[in-house]
Amino acid sequence: MRLPSDPHAGYLDAASSEPLHPAAREALLAALDRGWADPRRLHTEARNARLILDNAREATAAALGVRRDEVTFTSSGTDAVHRGVLGLLGGRRRGSTLLHSAVEHSSVLHAAAWAGTMLDTTARVLPVDREGRLSPATVRESLAALDGTAMLAVQSANHEVGTVQPLAEIAARAAERGTPLFVDACASMGRLPLPGGWSVASGSAHKWGGPAGVGVLLVRKGSAWRNPYPVDDRSDERGSGFENVPATLAAAAALQAVVAEREAVNARQHALIARIRDVVATIPDVEVVGPAETRLPHLVTFSCLYVDGEALVTRLAEKGYGVASGSACTASTLTPSHVLEAMGVLTHGNVRLSLPRTATSAEVDAFLALLPDVVRDLRAEVGL
Amino acid sequence: MRLDLDCRGLRCPAPIIALAKALPTVDVGDEIAVAATDVAARVDVQAWCRMRDQEYVGEEMAEDGTPLYVVRRLL
């Protein structure tokens, strides 16, 4: 059970939301008192808010290695994805086909479906291999087979299984055909360097330890992106609505801190996940999913034969561990994860475990000590 | 020989549990046809075959339109 002194002990679901980074908390508290006014006005209070917003944009750009005027703060990662995908389709110079990998986040799939209805575009899904990887050869062949692809959407890393996509090669294939590339970087932003070659990219602050309600839309200078929604008269024409100024500063502070710490944190998390993969693989009839090396440092997914995903998540929660699952019974739609399905791996009995920054070796050991018994007990309950 | 396993209306992992329990009742070389309405069974039957070293023969359709996932016992 969780100790009051360590409120996040046992929380192993950072990929759903990373606990607020101390740097974000500090920045948020300071900015709440100074950043509440309308940054467009010209009085003192407004200038304070504008200064904080500009600082947040500057720090975010520096942490990501992009230009300041390429950064737009949105109301969420999903909002950034929608604006990114639909804006590239709206600005397209040719073609009506949106190519995307089979393992994109649902926000990309929903944007593609919406565009099909509203913009008369057609989505084409690119298959992935058993480890969830999109091959650059598949991208090349698909682009060559289609006459004028409007855009290509490929994630930097997969949010469910951790697979890091070969984006340098994929971006090169897209560039050869002059196809604009959208990179959903929500799963990796801050944790891994931002890949290059995109026209538009997206990020989500609560996935790196910033507050929820802050997304990042990156639009490369000179790319053919057009605002797909009603415009607003804010300081940044790519966004809309009154900016949550304190939250953007908190997001930027967390991003800076995560980038500064990532070499050490990633090495520690990568080793902990490697240990989890090794131990989990020794449990009978359990399949560890996704690549062992070319992956997000903090995340692993595995599936347990004959086990109900919801029962597994609930049993682990009773023991003090918070994990996610891609199994159908845990989804509001009652359909299994499209990611696991595209990979052709077992969809039931699925657990996604993702380490927050503060996860310790002792916590991981304690989890690994009880997991085999939990799986065995659940199987015994169904007579196996 | 083929054993028909009616898993209509059952949600995963129930069809896979039924398949695992039925396996020892058929001879090596015989088939089991799992009729399942849960879409997850399409992926999970194949994954089960891979993990348990059994052969996935393919997908057929029952008279009522329900998918049949056919497995051959190898060991």
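A nonpolar core is a set of buried Ala, Val, Leu, Ile, Met, Phe, Trp, Tyr and Cys residues joined through side-chain atoms within 4.5 Å, where buried means under 20% relative accessible area with a 1.4 Å probe, protein chains only. The model is predicted, with local features requiring pLDDT of at least 70 and side-chain atom pairs pLDDT 80 or more, while totals for chains, interfaces and linings use all residues. Residues are numbered from 1 along each chain as its sequence is written, chains are lettered from A, and side-chain values use heavy atoms, without hydrogens and water.

Chain A is divided into domain 1 (22-256) and domain 2 (261-381), with bounds from an automatic or database domain assignment. The largest nonpolar core has 50 residues, and Leu152(A), Met189(A), Trp208(A), Val216(A) and Leu218(A) have the most contacts inside it. A second, separate core of 29 residues includes Val300(A), Cys304(A), Ala359(A) and Leu370(A).

Between the domains, 26 residues of domain 1 of chain A are in contact with 23 residues of domain 2 of chain A, contact being heavy atoms within 4.5 Å. The area buried between them, that is, the accessible area (1.4 Å probe) that two parts lose on being put together, summed over both, is about 2,000 Å², of which carbon and sulfur atoms give 56%. In domain 1 of chain A, Glu160(A), Val161(A) and Arg191(A) lose the most area to domain 2 of chain A, together 34% of what that side buries.
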